[in-house]
Amino acid sequence: MTGGTLSRRQALAGAAGGLGIALAGAAGADPAPPSPSLQALARSKGMRFGSAIAAGPQGSRPEGGTIDNPAYAAVVARECGLLVPENEMKMQALRPDPATFDFRRADRLMAFAADHALDVRGHNLLWHNTRWLPAWVNDFDFGSRPATAAEKLLTTHVDTVCRHFGTRIKSWDVVNETIDPATGAMRDTVLTRHLGDRVIDIVFHAARQALPDCQLVYNDYVEWEAGNETHRAGVLKLLERLRRDGVPVDALGLQSHIGGDSDLTGPAGAPQEAAWRRFLEEATGMGLDLLCTEFDINDRAFPGDPARRDAVSADYTRAYFDLTLSFPQVQDVLAWGMVDRFSWLNGRAPRPDGLPRRPCPYDRDDQPKPMRAAIAAAIQAAPPRSAPHAPHI
Ligand code: XIL
């Protein structure tokens with residue numbers, strides 16, 4: 001797609017919006033972008049719609065789903081009211097070494113958001129998993145008073161990062177994925193070795209101190225399909241413990257990577273609607289808000305034919321959001337990327353037939369798929385949110 005085509009589309013969308021005319025299907029023209037946008041639909045319900053976007057090359061995906069790709073940036077800017085940086089605010093990205101904070105990429109993303117009047121969620125202050133901590137943290141010399149040194153490392157990081165972005169960020173994923181899905185227990189890291197479970201408390205308290213009005217989120221890939229039972233129970237146990245101990249957690253982020261790495265078509269991948277509803281009831285019963293932070297669908301085992309695959313994914317999307325958005329505590333819905341060709345899932349286990357993945361609301365040519373319509377329909381069917389739940393939104 002060329003930049004020229006895009007601007008024409010945007011112009012058409014603007015004109016259509018103003019006149020209330022549907023332009024889709026004009027002979028010889030590219031189809032007009034769907035209108036209203038997902039963000040407009042979400043806003044009419046007191047919600048926000050957003051997506052992950054990157055700033056700069058993404059490891060094995062040099063072209064990435066980035067602000068530098070005009071076609072991708074246009075889809076995101078048109079459909080979203082909210083962004084989340086795919087990698088740029090993670091400790092691995094911001095902290096090349098113990099002495100350095102490198103905010104350049106994250107700041108480019110913030111500037112893109114400001115230029116397009118988009119909000120930004122912070123992701124994340126601590127991805128509490130050895131695999132995703134910077135190597136220098138895993139190898140850190142904690143010295144003769146290791147608990148003090150570990151606490152200092154964490155509070156310095158959280159304080160510096162929170163204050164750098166300040167009140168421009170009104171919602172942070174403070175801790176990401178600290179529960180091991182296999183056991184339901186806290187993951188062991190070099191930090192728990194010195195601080196035990198207090199790692200989590202320290203990070204939340206530091207975030208609250210730096211940003212008193214920010215929504216502080218615990219974010220994890222607890223999903224609704226079978227196989228997530230231990231993970232869900234473990235996350236609830238952690239949240240109960242945090243509540244009991246007065247740790248300032250405001251919301252639970254439901255990553256919503258539907259299917260995870262499993263086979264969604266097998267019995268082990270079946271949605272557990274009743275258990276999911278109970279899980280959300282228990283979380284909201286603790287007074288927590290909810291967010292869908294990283295929606296996409298693992299279409300690994302879905303039919304190869306694109307039209308059939310898209311139909312199955314759209315049904316799945318609709319069912320998931322119909323149930324999940326029936327909870328008015330969900331105010332933000334974010335996709336983990338808008339366009340198939342940039343999805344992080346392309347770098348995960350391939351489909352057995354080798355066909356490209358279709359995990360996102362838009363296809364490889366930046367055209368909306370039935371999944372996009374399913375999200376729109378679920379938002380339209382959702383009960384309106386009367387008022388923001390917490391003072392931070
Ligand atoms: C992923 C990114 O999409 C990849 O580019 C990166 O290599 C690894 O992280 N859960 C999360 C996200 O909370 O931060 C992850 O993002 C996807 C799973």
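This is a predicted model: local features need pLDDT of at least 70, side-chain atom pairs count only at pLDDT 80 or more; totals for chains, interfaces and linings use all residues.

Me: Which residues come nearest to the ligand?
Reply: There are 14 residues around the ligand, and E86, K90, H123, N176 and E294 come nearest.

Me: And what kinds of residues make up that shell, by class?
Reply: The shell has five charged, five polar and four nonpolar residues.

Me: OK, K90. How far is a polar side-chain atom of K90 from an oxygen atom of the ligand?
Reply: That distance is 2.7 Å. The side chain of W336 also has an N or O atom 3.0 Å from a ligand oxygen. For Q255, a side-chain N or O atom sits 3.3 Å from a nitrogen atom of the ligand.

Me: How much of the ligand's accessible area does the protein cover?
Reply: The protein covers 85% of it, out of the 420 Å² the ligand has on its own.

Me: New topic: how much space lies in the second largest pocket?
Reply: About 200 Å³. Its lining includes I179, M186, D197, K237 and R244. By class, that lining has five charged, four nonpolar and two polar residues.

Me: What about cavities, how many of 30 Å³ or more turn up?
Reply: Three, from a search of the whole structure. The largest cavity holds about 40 Å³ of space.

Me: Which residues line the largest cavity?
Reply: K90 again, along with M91, N124, W127, W132, L133 and P134. That lining splits into five nonpolar, one polar and one charged residue.

Conventions. Residues are numbered from 1 along each chain as its sequence is written. Side-chain values use heavy atoms; hydrogens and water are left out. A residue is near a molecule or strand if one of its heavy atoms lies within 4 Å of it. A polar contact is a pair of N or O atoms within 3.5 Å; within protein, one must be able to donate a hydrogen and the other to accept it, and residues adjacent in sequence count only if both atoms are side-chain atoms. Accessible areas come from the Shrake-Rupley method with a 1.4 Å probe; for residues, only the protein chains shown count as cover. Ala, Val, Leu, Ile, Met, Phe, Trp, Tyr, Cys and Pro count as nonpolar, Asp, Glu, Lys and Arg as charged, and the others, Gly among them, as polar. On a 1 Å grid over the protein atoms alone, a cavity is a set of points where a 1.4 Å probe fits but cannot get out, and a pocket is an open set with protein on both sides within 12 Å along at least five of seven lines; lining residues have an atom within 4 Å of a point. Grid points are joined across faces, edges and corners, and a volume is the space filled by probe spheres set on the points.
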